[in-house]
Amino acid sequence: HKMHFSPSRQLHLRPCASALASRPRPAGNAAAAARARTCDVTPRSRLFAFGDGKPALGGRAGRGPGGALAPRRPALAPRLGAEPTGAVHPAAGSGLGSEVTVPKMSLWSIVSHMPPEEFSGLFTEFPRNLRCLLADWLENQPWEFINGSDTFCTSVASGMLSAMLEKLRSAAGSEGQQCQILQQVNGVKNTYQRDPLRLVAVLKAILEGEKAAVLKRDRHLPLSFHRRQEELKFSLGLQRLQHRVREIQALRDSPTASLQPDLRDPQLKTEGKPPESELPALILEAVKELEAAKQQVLKRIQIWKRQQQLAGNGAVFEENLAPLQKRCESLVEVYFQLHQQVMGASAKLGAELLPRLLERFNEVLSSLVKSSFLVEKQPPQVLKTQTKFQASVRFLLGPQLLKASAKPYMVRADMVTEKQARELALSAYSNTLSESTGEIMHNVVALETNPTSGTCCANFKNVLLKKIKRCERKGSESVTEEKCAVLFNTTVALTPSNLSIHLQVLSLPIVVIVHGNQDNNAKATVLWDNAFSEIDRVPFVVAERVPWEKMCDTLNLKFMAEVQTTKGLLKEHYFFLAQKIFNDHSASFEDFQNRSVSWAQFNKEILPGRGFTFWQWFDGVLDLTKRCLKSYWSDRLIIGFISKQYVCKLLSTEPDGTFLLRFSDSEIGGVTIAHVIRGKDGSSQVENIQPFSAKDLSIRSLGDRIRDLGQLRNLYPNTPKDQAFGSHYNKEQTGKDGRGYVSTAIKMTVESERDQQPQSAAGGPPEAPQAQMISLPILQPELHLESMLSPIAPPDPFGPRPGPMGYPTGESSINMVVPDNLVPFHSTSPMLSPPLVMEPTLPHCTDLAFRNPVPFMPTQFMPGGPSPEPRDEEMLELPPSTSIDSSPRWMPPTMDLPPSSDLDQFLQEMAGEGPSLCPPFVPPLQPSGYPSPNASCWGLGESRWDDSIRPGHA
């Protein structure tokens, strides 16, 4: 019945009817038992089961404004112009960290589980048990927005009273206390039938009291409740406008008719004025209500745009525009009806009032039309030149207003800079674009209306940004912080007035890159802008500092969306991330919650002692988890975000063989195993195995590596490893396959100092000679093929490099095991000829091409200081046919491959040259695999990155 969706908030679920029926009820709490019995016993007592998300019997689910399933309008409820909304999922900043998707919620689903004593003072004029029978139907009526005592409010209140009485009678039919309930229903009818507005006041007070109690406890109301209330307000306002139109029509047709404007409305009272002055006052009030309804529609469009932007960071977004289009069309329909009445009464309005009214009408229609031109499918927010992309725009009022034309209306797409976008926004998109900042191919598409679906769209399917003109940047801003946008524009003629309107709409901010190495920093710019921009801002202004709590929500949202998991970050993870980004290990969790984080701390400043920024490290974790660790994370087998120091504290008191998994703090995109061993003196020690990258885990999975290591016994705190990781083990193939080949198995071993020294110290027999090894492309691996191959190795400068500090002194290797009973074969291949295989003079080493490469150094570690940022044209991609690794991996790339017949001689000459093949190189601190977000440097000489390889692997 309860689900946590943030460290500090709880989300309560409603139990199903069967659970309520079977739940034991204390005899001393008869009121609570009656409340539970009357709330959910019968499906007819509600239209939608908000607890389990399924429609109750007798109710058909429809589509809400977000496209989610929503309840159909009750047959007994008055029509309010719009269907109820469905599920509304929380966006960034709403306390994410959830383990499940937030279900549909109602106010009643929370109130029904609160102690009834908290609401005892609310039911002096309305029985509590009838409130339980009405359940969430009560909050789906516009009680709150019936303000006034005119004929419109009275008629709406009377209709809602009739619907409520009928619903209570139907709900009482299945209750055991039917007679008592029907008596109460008749009492309500007799009390409020003559004055339904009094009933409105009573029920409004009950709902206000329930909202106040929920706010006091939870400090917020369900988001779906707010969404539904907004729809009820708009629907009632639309009904009031239609009522105004009928009043104006009646007053024009017959000033003495029975349908007069209601003078009980204080805004229409005219003391001592003749009847002809009532018409202008009524029209002015109708126009005022029309403008208020227009503002509501524009606000709803802005909210849809904001939700679309948050979806770029992974927020759930129901992009269905049909309900929003229906709302626009309904308002425009009332607009034309009112406009027609005004033009019909123009003679009675005078030469001074009529032009002002027409000007206000034109402004309403113009703003509605321009705001209904939307980007339905956004172009990629990180856009690479010479790459095709897709986008689409939609004109919500197109099917209703677009005038038929012999030639189709064409929509053009142009690239604009942030400065150009700001100028267009400040002019309310009345100006036209003077110059495009980039060359876009296939950027003109027809605006087409589909009568079947009732949509008017322009679909850009094969757009290509050929090149981009960079504008001057300020200060230390890099190209990946420069934001652009695509401007979609067209000119259309509207019916029935043949009015010509120029439509323009901007896409979300776009960062244009020319090379894959810029992708990481570009994603950081987009993530920050999507998360922390405001509704209706000046393009593309965004805060430079934001609260750390909002940053936690953003990181959690991004993590869950990228990894595609329902398991979000926890409070302990936020604490570690705060220590990392603020470089503060003395503050408490509460201290961090009151801090703010800057853009520079997020992705400009290099982390102390590292060669990368916070975002570059976090994005590496995202990529590794998404590619290799999704199932482990979803099963909560990886603690992940925890420091090495805290791991030592956790494991120091645990038995030998206890281990846990954490993300590497010093490498990008690595996961390591920390485990407990006993030292020579019997004391407990914690060792961290050299981190595994995505490339390592593609060779042998994490679960199989853990199975290989016998020294790992229990996952922290005390779960046997086979029980925790058994479902992640891959089945080992044994025997011969269908073609008669004997199967082999790759195993991982960790050679620690403890494993090597005691035997020699005890004076035991010497170890059996190890099999010769050939390197595999993993983190310092060795492939053991029993008694078959000797090493093919370059000279000493290519030899093994010391591992990072803090990892086991031995090498982490992967051994290929072949059954011992196999008879060795002798190959006739020149690659395995006896002179080459048995040559004892060749030095043993691990091929540099297969080990961790030397990553690029940020500019602050470069000899001579930072180098200027490369120009775009200096970073062109290699053509697809170009192969970087065309030479053998044991040869420098500049050497030609000799004929196979001369291979023996060539290798002997190479061995004889010794260390002259390659000068020694001292490895620096591990830097980021990405270009520095400041004035950047791309490495040494003509070295390049391969886009297909993650940071840390050349």
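## Helix α19 and its surroundings

The axes of helix α14 (residues 519-532) and helix α19 (residues 614-634) come within 10 Å of each other, crossing at roughly 100 degrees. α14 and α19 are therefore roughly perpendicular (65 to 115 degrees) to each other. Please keep in mind that this is a predicted model, in which local features need pLDDT of at least 70 and side-chain atom pairs count only at pLDDT 80 or more, while totals for chains, interfaces and linings use all residues. Residues are numbered from 1 along each chain as its sequence is written, and side-chain values use heavy atoms, with hydrogens and water left out.

**Where α14 meets α19**

- On the α14 side, the contact (heavy atoms within 4.5 Å) is made by N520, N521, K523, A524 and L527; on the α19 side, by W615, Q616 and D619.
- These contact residues divide into 3 nonpolar, 3 polar and 2 charged. Here Ala, Val, Leu, Ile, Met, Phe, Trp, Tyr, Cys and Pro count as nonpolar, Asp, Glu, Lys and Arg as charged, and the others, Gly among them, as polar.
- Axes are lines fitted to C-alpha atoms, for helices over the stretch in contact, and angles run from 0 to 180 degrees between N-to-C directions.
- Helices (H or I, at least four residues) and strands (E, at least two) are DSSP runs, numbered from the N terminus.

**An aromatic pair in α19**

- F614 and W617 form a tilted aromatic pair, 6.4 Å centre to centre with 45 degrees between the planes. Rings of Phe, Tyr and Trp (its six-membered ring) pair if their centres lie within 6.5 Å; planes under 30 degrees apart count as stacked, over 60 as edge-to-face and the rest as tilted.
- F614 and W617 are 3 residues apart in helix α19, which means about one helical turn separates them.

- An open sheet with mixed pairing is formed by 5 strands in the order β22-β21-β20-β23-β24; two strands pair if DSSP finds at least two bridges between them.
- β22 (684-688) and β24 (719-720) stand at the edges with a single partner strand each, so one side of each has no neighbour in the sheet.
- β21 (residues 671-678) pairs with β22 in the antiparallel sense over 5 bridges, and I677 has Q685 of β22 as its bridge partner.
- α19 lies across β20 (658-663) and β21, at about 145 degrees to β20.
- Helix α20 (residues 644-651) lies across β20, β21 and β22, at about 165 degrees to β20.

Definitions and conventions:
Angles under 35 degrees count as roughly parallel, over 145 as roughly antiparallel, 65 to 115 as roughly perpendicular and the rest as oblique.
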